[in-house]
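Keep the viewer open as you read.

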Amino acid sequence: MHERGILIRAWLVSAVFFLCFARLGFKLAYLQLSNHSKVTGREYKRTLLGLRGRIFDRNGNQHPMALSLPARQFFIDPKSVKKEHDIKDISKVVADSLGLAESDVLAQFMRKDSRYIPIARSTDDRVYETLSDKNLVSGLGAEDITIRHYPQGRRMAHVLGFVNNMGLGGAGIEQQFNRYLTGTQGMIEGEKDAWRSEIFSRRSIHVPAIAGADIYLTLDHNIQYAVEQALQEVVEKFDAAGGWVIVQEIKTGAILAMASNPDFEPENYTDASLDVWRNNAVAIVYEPGSIMKAVTVAAVLNERLVTPETVMDAGEGMWFYAGKPLRDHVRGRITISTALKKSSNIVCAKLGLMLGNKRLEGYLRAFNFGAQLGIDLPGEERGILARAKDWDKLKPTRIPIGQGVAVTGLQMINAYSTLANGGVMMRPYVVDKIVSPSGEVVLKNKPKVLGRPVRPEVARAVCEMLVGVTEGGGTGRRAAVPGYSIAGKTGTAQKAVPGGYSSTDYYASFVGFVPGSAPVFSVLVSVERPRPQHMGGYVAAPVFAKIAAATARYLEVPPDLLSEDQTDIARQ
Amino acid sequence: MRKNRRRHVNAKVLSPAVVGMSVLIVTLTLIYCCLDSKCNQLGQEIRKHEQCFEALEDERVREEARWNDKRTPEKLTQAMLSHGLEMDYPAPDQMVRIGAAGEPLPGQISLAKFRKERASAERVAQKIRQ
């Protein structure tokens with residue numbers, strides 16, 4: 001009986017041991033054969049950041065206007081502060097390293113409501129090394145991020161746009177070409193060791209990150225610098241509400257510079273209001289005023305209704321039509337050339353009547369007013385041009401002088417570029433090409449003809465007439481540039497307000513091209529609400545001269561204007 | 001008192017094939033272990049190099065950005081002004097454009113001015129000679 005009891009106990013112990021080892025065996029087999037790294041918490045997973053593509057100016061990859069940088073986001077976790085550390089000491093180190101106010105950092109460390117309080121971003125490795133010293137700092141974490149950096153700060157802000165907190169383009173090129181610029185994330189999956197380091201030999205997946213494509217603009221940062229400086233000066237000098245400038249290459253339609261004021265820092269775009277983000281050069285519509293007269297003159301010349309030498313009566317400074325007066329500072333009988341040179345309202349209004357509603361509307365639409373030009377920027381406005389059948393009796397006398405029609409700055413400069421280009425209208429564009437990280441050209445913008453609103457000889461005639469505007473007796477004398485003939489037109493337009501026009505607020509404009517004899521580039525300057533002076537010839541023309549002079553020298557445009565004796569000597 | 005006993009050993013001599021197989025298995029196992037260890041070691045080195053490369057690449061991008069920050073027209077102008085250098089593009093009458101043949105291109109103010117000055121200088125020289 002005793003022996004039997006021993007035998008039973010021995011069997012029981014053996015069974016228990018067997019069960020234990022069997023369970024252990026099963027467990028081992030399960031761990032080895034199934035996805036053991038997940039089961040044991042040894043799974044290693046890392047996301048590789050695909051940097052957003054860069055944006056360059058027309059000079060190639062020497063001058064990035066926007067690029068993404070690997071950086072670190074530092075955050076405070078107040079509950080992780082070690083007992084042996086004093087938060088005042090930590091705050092001092094953190095504040096000194098990150099360039100923050102010590103009191104602000106201390107206030108964040110005192111908070112109890114959150115374990116993730118972002119305080120600053122840094123791209124400096126030395127800062128990271130200092131703040132990673134666990135003997136010195138605790139309660140501070142860092143995570144890898146990428147930040148969008150704009151090396152030239154505010155330069156081209158409205159064209160470049162910005163990238164929002166979600167990493168998506170929020171305006172400008174960043175928005176328009178977001179899908180090209182966005183990089184593709186990569187990943188590494190495998191196992192990690194007891195020190196949480198990846199075991200290379202157990203790496204199961206490695207998908208490298210792919211950077212976004214690079215964009216090459218048609219804009220030049222040197223011209224843009226000159227433009228933005230000149231615009232800022234005029235806005236400050238005349239206490240203006242803002243302004244916009246566009247520089248366009250005539251043969252291709254490529255935009256060389258585009259600036260809008262007030263501007264903003266793309267890196268700190270949230271500091272600026274929504275209105276400031278708007279690219280006024282393409283997104284604001286305004287009544288252009290007298291700069292529209294060149295289009296009117298081109299239309300009547302193209303219809304062979306008049307010649308530049310045709311004489312018309314400008315009256316005595318006042319002309320009544322449809323019961324409404326039209327004032328003019330030009331008096332007497334003058335040629336069409338003189339009417340454009342001196343900017344006669346009455347003669348141009350009469351030219352509008354001569355054309356008739358239908359033809360006038362047709363020419364305006366042929367110059368692309370009232371429609372988008374299709375520039376590769378977001379937010380382009382169409383302008384306002386009512387159908388001729390809806391015009392009242394006054395409209396055909398007001399539209400030819402730039403009233404009762406609203407345009408964008410881009411439409412206006414493109415119309416002048418069309419005249420300068422022998423009547424051939426090109427599509428304006430700001431992106432030259434998009435290149436993938438492997439060097440493949442993904443997109444290449446080629447100059448595109450939009451139309452031919454007037455004959456080449458008409459365009460040439462209007463150009464010659466416009467050269468007179470900047471000569472003695474013309475309204476745009478201040479736009480003259482030594483050595484170059486300048487063709488252009490001044491414009492002063494009252495700002496439209498509900499119920500009529502403001503008597504105090506104006507748009508002062510000048511648009512023209514250089515050199516007048518063989519145009520290479522055109523420039524539009526519009527200043528909103530300048531004070532106390534508001535005339536386009538006084539406010540905008542000098543800005544044009546400054547920009548045109550700098551651009552002509554930078555682009556090495558040969559001077560075409562020689563005095564008579566110099567011409568004689570040059571011919572020798 | 002110790003008894004001298006003859007020790008009886010119950011042993012079998014394994015066949016050479018079995019011994020050879022066992023030795024081969026053990027040798028292969030040892031080689032595998034060595035290679036595995038070496039691979040792991042190399043893997044760790046590769047991983048370290050990868051990390052180093054990533055860090056250097058990041059630093060290169062950041063350094064490039066710092067360099068670009070310093071080369072903006074605004075910063076260059078400021079830097080030159082700090083050394084008392086105020087520079088601008090030359091005026092049209094200060095430039096002489098030379099063609100591929102090495103001859104000045106016609107129709108330039110600078111050229112006209114140069115020839116005018118040279119002509120007047122020659123006239124003066126001629127007068128002096130007379």
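Where in chain A does A:P515 lie? A:P515 sits in the loop between β23 (500-514) and β24 (521-528) of chain A; helices (H or I, at least four residues) and strands (E, at least two) here are DSSP runs, numbered from the N terminus.

## Ground rules

This is a predicted model, so local features need pLDDT of at least 70 and side-chain atom pairs count only at pLDDT 80 or more, while totals for chains, interfaces and linings use all residues. Residues are numbered from 1 along each chain as its sequence is written, chains are lettered from A and ligands numbered from 1 in the order in which they are written, and side-chain values use heavy atoms, with hydrogens and water left out.

Another cis peptide bond links A:R531 and A:P532, with omega about 0°. A:P532 is in the loop between β24 and α19 (536-554) of chain A.

Then there are positive phi values. A:A322 is not a glycine, yet its phi is about 55°; look for A:A322 in the loop between β15 (318-321) and β16 (324-327) of chain A. A:A322 counts as partly exposed, at 42% relative accessibility (buried means under 20% relative accessible area, exposed over 50%, partly exposed in between, with a 1.4 Å probe and protein chains only). A:E556, also not a glycine, has a positive phi of about 55°. A:E556 belongs to the loop between α19 and α20 (564-571) of chain A and is exposed, at 55%.

## Where chain B meets chain A

Contact (heavy atoms within 4.5 Å) involves 44 residues from chain A and 31 residues from chain B. The two chains bury about 3,300 Å² between them, and carbon and sulfur atoms give 55% of that; buried area is the accessible area (1.4 Å probe) that two parts lose on being put together, summed over both.

What about charges? There are 4 salt bridges between chain B and chain A, a salt bridge being a side-chain nitrogen of Lys or Arg within 4 Å of a carboxyl oxygen of Asp or Glu. B:E54 pairs with A:R46 in a salt bridge, with the closest N and O atoms 3.2 Å apart. On the chain B side, α1 (16-70), α2 (73-82) and α3 (109-129) each supply at least two of the residues that touch chain A. The most come from α1(B), with 14 residues.

## Salt bridges within the chains

Over all chains, the whole structure has 33 salt bridges. In chain A, A:R531 and A:D505 form one, their closest N and O atoms being 2.5 Å apart. A:R531 is in the loop between β24 and α19 and A:D505 in strand β23, so the pair ties together parts of chain A that are 26 residues apart in sequence. A:D505 is buried, at 15%, whereas A:R531 is partly exposed, at 34%.

In chain B, B:E57 and B:R60 meet in a salt bridge at 2.7 Å, N to O. Both lie in helix α1 of chain B, 3 residues apart, about one turn of the helix. B:E59 forms a salt bridge with B:R66, with the closest N and O atoms 2.8 Å apart. Salt bridges that share partners join B:E59, B:R62, B:E63, B:R66, A:R72, A:D125 and A:D144 into one network.
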